[in-house]
Amino acid sequence: MHPNFPSDHGNGRVGGHRHKSIHRLLGGGRAADILLWKDRNLSAGVLVGATLIWFLFEVVEYNIIPLICQIAALAMLVIFIWSNAAPLLNIAPPRIPEVIISEHAFRQVAQIIHYKLAHTVYALYDIACGKDLKKFLLVVVSLLILSEIGSSYSFTSLLYLGFLCAHTLPALYQRYEIEVDHLAARGSEDIKRFYKRIDSNFLNKIPRGPVKTKVK
């Protein structure tokens with residue numbers, strides 16, 4: 001018997017609130033619009049560009065230094081022709097976009113990377129202290145799985161796979177949110193039952209030292 005999912009018809013306010021929450025969770029702004037495919041042409045262009053980069057480095061086995069030098073030489077050639085032809089064709093000469101050389105943009109990116117890195121290190125340290133045994137075992141198993149995946153694929157392929165997940169899963173989740181939440185809830189219940197069996201049959205039998213009470 002198939003599960004009966006509630007319909008979104010007549011509940012547009014809740015659906016709109018969920019979509020806004022997903023958009024806010026992704027950081028909002030232009031990046032969230034691209035990940036959620038608000039502008040399909042732009043999102044498709046980003047996907048094609050990333051696929052082309054992966055193809056050059058992984059399939060064609062291009063080296064990054066020759067590629068950067070060739071792209072720079074081609075860009076300089078285009079700018080040279082454009083600059084010299086601009087007075088003859090009565091067009092504006094090329095200009096470097098301000099976003100590329102913006103100090104504020106570089107600082108903002110650096111702050112975001114620093115915040116994410118610090119938050120990840122602190123979270124891993126907190127889990128490693130063993131305060132939550134369930135979360136500790138889950139992270140260790142996840143790291144071992146990632147280690148096996150990393151040994152089977154190149155770093156470029158892993159980056160491209162991560163990009164594909166980040167570029168497609170948010171949009172798919174936004175479209176099939178109710179179904180995914182239902183399956184996730186069922187999966188969470190199965191994992192909890194499995195952990196309870198492991199906890200009662202194995203973890204509780206591990207000898208532990210007496211808990212020392214602090215003397216005030």
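Helices (H or I, at least four residues) and strands (E, at least two) are DSSP runs that are numbered from the N terminus. The views below show a predicted model, in which local features need pLDDT of at least 70, side-chain atom pairs count only at pLDDT 80 or more, and totals for chains, interfaces and linings use all residues. Residues are numbered from 1 along each chain as its sequence is written, and side-chain values use heavy atoms, with hydrogens and water left out.

**View 1. The protein as a whole, with 8 helices and 0 strands.** Along the sequence the pattern reads α-α-α-α-α-α-α-α. Of the 216 residues, 10% count as buried, where buried means under 20% relative accessible area, exposed over 50%, and partly exposed in between (1.4 Å probe, protein chains only). The accessible surface comes to about 18400 Å², of which 67% belongs to carbon and sulfur atoms, as computed by the Shrake-Rupley method with a 1.4 Å probe.

**View 2. The pairing of helix H3 (residues 40-59) with helix H7 (residues 155-175).** The axes of these two helices come within 10 Å and cross at roughly 170°, the axes being lines fitted to C-alpha atoms over the stretch in contact, with angles that run from 0 to 180 degrees between N-to-C directions. That crossing makes H3 roughly antiparallel to H7, because angles over 145 degrees count as roughly antiparallel, under 35 as roughly parallel, 65 to 115 as roughly perpendicular and the rest as oblique. The contact (heavy atoms within 4.5 Å) includes Val 46, Leu 47 and Trp 54 of H3, and Tyr 160, Phe 163 and His 167 of H7. Its residues divide into 8 nonpolar, 5 polar and 1 charged, where Ala, Val, Leu, Ile, Met, Phe, Trp, Tyr, Cys and Pro count as nonpolar, Asp, Glu, Lys and Arg as charged, and the others, Gly among them, as polar.

View 3. His 167 counts as buried, at 1% relative accessibility. Leaving aside residues up to four places away in sequence, His 167 touches Ile 34, Leu 35, Trp 37, Ser 43, Val 46 and Leu 47.

**View 4. Trp 37, in the loop between helix H2 (29-35) and H3.** Trp 37 has a phi near 60°, a positive value in a residue other than glycine, and is partly exposed, with a relative accessible area of 25%. Most residues other than glycine have a negative phi.

**View 5. Asn 90, in the loop between helix H4 (64-89) and helix H5 (103-128).** Although Asn 90 is not a glycine, its phi is positive, at about 60°. Asn 90 counts as exposed, with 72% relative accessibility.
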